[in-house]
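Thanks for coming, everyone. Let me bring up the model, and then we'll go through it together.

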Amino acid sequence: MVTAARAAAVVVATWLALSVLMVLLGSLLPGPRPHGTAWSTALTLWLLSLLFGPLVACVALRRWIAGSGAGRPDEPTPPGPYGQGRQDTPRSGGHAWRTDASPPPRSDEPGHSQGPRAAADPDSEARRRARAEAERKLAAAERARAQAERARKEEARRRAARNRRLRERGRRY
């Protein structure tokens, strides 16, 4: 209900602003009041702005229209930077959602020793392994490239030495 009232207020405010601008058009523009084609163009643009202006205003003010939810007692506060999308199970047997900004408790289970990110993401170990494998392949490719470069330089040195020897032989004979 509040959302519809806010949207209606935005539409009415937009129409009022556009109407006031149209009435003041003659006094805001320098020179004589527009006539003929200029006036019909201005009127057409005004009518289009009456149609599309409220849509643009509603899109621009959509967060205010929807309401931020802050301060509502019926909605829980959003999770902080360390909030997890899981439930803690207290020893009393009930479930409590973590919505505070404190870091989640550390677990002694294997695989949870890497901090809060590992607990929140079960695929992190697989991604870490894939990244390590990609880095190994990249390092191997770099080593192969460097070895090929060294071999190319060595071949160029041998070719230059052979050409030098052939030139020297040609001079002697």
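Which residues make the nonpolar surface patch? They are V20, L21, V23, L24 and L28, and the patch covers about 480 Å². A patch here takes residues with over 30% relative accessible area and no salt bridge, joining like charges within 9 Å and nonpolar side chains (Val, Leu, Ile, Met, Phe, Trp, Tyr) within 5 Å. Areas come from the Shrake-Rupley method with a 1.4 Å probe, and for residues only the protein chains shown count as cover.

Some ground rules. This is a predicted model: local features need pLDDT of at least 70, side-chain atom pairs count only at pLDDT 80 or more, and totals for chains, interfaces and linings use all residues. Residues are numbered from 1 along each chain as its sequence is written, and side-chain values use heavy atoms, leaving out hydrogens and water.

How confident is the predictor? pLDDT, its confidence in each residue, runs from 0 to 100. The protein averages 76, and 63% of the residues score at least 70. Over residues 82-88 the pLDDT is below 50, although this stretch has 21 contacts in the model beyond near neighbours in sequence. A contact means heavy atoms within 4.5 Å. Where pLDDT is low, the predicted coordinates should not be read in detail.

Now the layout. There are six helices and two strands. From the N terminus the order is α-α-α-α-β-β-α-α. These are DSSP runs numbered from the N terminus: helices are H or I, at least four residues, and strands are E, at least two.

Back to the patch. Helix α1, residues 2-23, gives the largest share, three residues. L24 lies in the loop between α1 and α2. L24 is partly exposed, at 37% relative accessible area. Buried means under 20%, exposed over 50%, and partly exposed in between, with a 1.4 Å probe and protein chains only.

Leaving out residues up to four places away in sequence, T14 touches G53, P54 and A57.

Last topic: salt bridges. The rule is a side-chain nitrogen of Lys or Arg within 4 Å of a carboxyl oxygen of Asp or Glu. That gives eight. One joins E125 and R128, at 2.5 Å, N to O. They sit three residues apart in helix α6, residues 124-172, so about one helical turn separates them. E149 and R152 also pair, at 2.6 Å. Finally, E154, E155, R157 and R158 are linked in a network of salt bridges.

Terms used:
pLDDT = per-residue confidence, 0-100.
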